[in-house]
Amino acid sequence: MNAKQVLRWVEECGIAVESARVGVPSLVQMVVRKPVKGSWWAHPKANEILRLSRLIRSSPDVLICRLMNGKITYVHRRLWPAVVRLASRFSEERVAAVKEVHTPTGKHKLLITPYPKWVPREIVQAARKIAEKEAASQLAVLL
């Protein structure tokens, strides 16, 4: 699977998680084609999963947050207006953008951008135009 394909998968899903089993599509299960027992890091396809997760995480069209039960969640840009419209229904931690960076010492560090600092102006404007009922319909899996 290449970058275009995996990003199309996220767009089609709208909301997906990296590895959890929480009622929305999972990148790990999509790659492996079945539930994984234990950590996906031990799976023979771990390198592919990691590569695809990094492609998704680097896309400007995908919000990385913890919207789905505190798990790493991918939200495609097409659903950002709905997330913004209903943001008051979620805890601050769930709607904060998460970005993993590597420090000069090689450690991984999470950078958190609180809501609404990550939200582009055009998404705020689009959120104002969407009815709460429509936003709730788009995010029904979360509510």
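**Reading side-chain pairs**

A: Let's start with one residue in this predicted model: at 46% relative accessibility, E122 counts as partly exposed, because that value falls between the 20% and 50% cut-offs.

Q: Which residue does E122 meet in a salt bridge?

A: Side chains of opposite charge can pair when their charged atoms come close. Here E122 meets R77, with 3.6 Å from N to O. The pair links distant parts of the chain: R77 sits in the loop between β3 and α4, and E122 in helix α6, 45 residues apart. R77 is partly exposed too, at 24%. Salt bridges that share partners also bring D61 into one network with R77 and E122.

Q: How many salt bridges are there?

A: The count is five. Among them is the one between E18 and R57, at 2.9 Å from N to O. E18 belongs to the loop between β1 and α2, R57 to helix α3, and 39 residues separate them. E18 is buried, with a relative accessible area of 9%.

Q: Now for the rings: are the planes of W40 and W41 stacked or edge-to-face?

A: A pair of aromatic rings is described by the distance of the centres and the angle of the planes. W40 and W41 are stacked, with 4.3 Å between centres and 20° between planes. W40 is buried at 9%, while W41 is exposed at 53%.

Q: What about W80 and W118?

A: Their planes stand at 80° and their centres are 5.6 Å apart, so the pair is edge-to-face.

Methods: Residues numbered from 1 in each chain as written. Predicted model: local features only at pLDDT ≥ 70, side-chain atom pairs only at ≥ 80, totals over all residues. Heavy atoms only, no water. Phe/Tyr/Trp six-rings, centres within 6.5 Å; stacked < 30°, edge-to-face > 60°. Buried < 20%, exposed > 50% of the residue type's maximum accessible area, 1.4 Å probe, protein only. Salt bridge = Lys/Arg side-chain N within 4 Å of Asp/Glu carboxyl O. Helix = DSSP H or I, 4+ residues; strand = E, 2+ residues; numbered from the N terminus.
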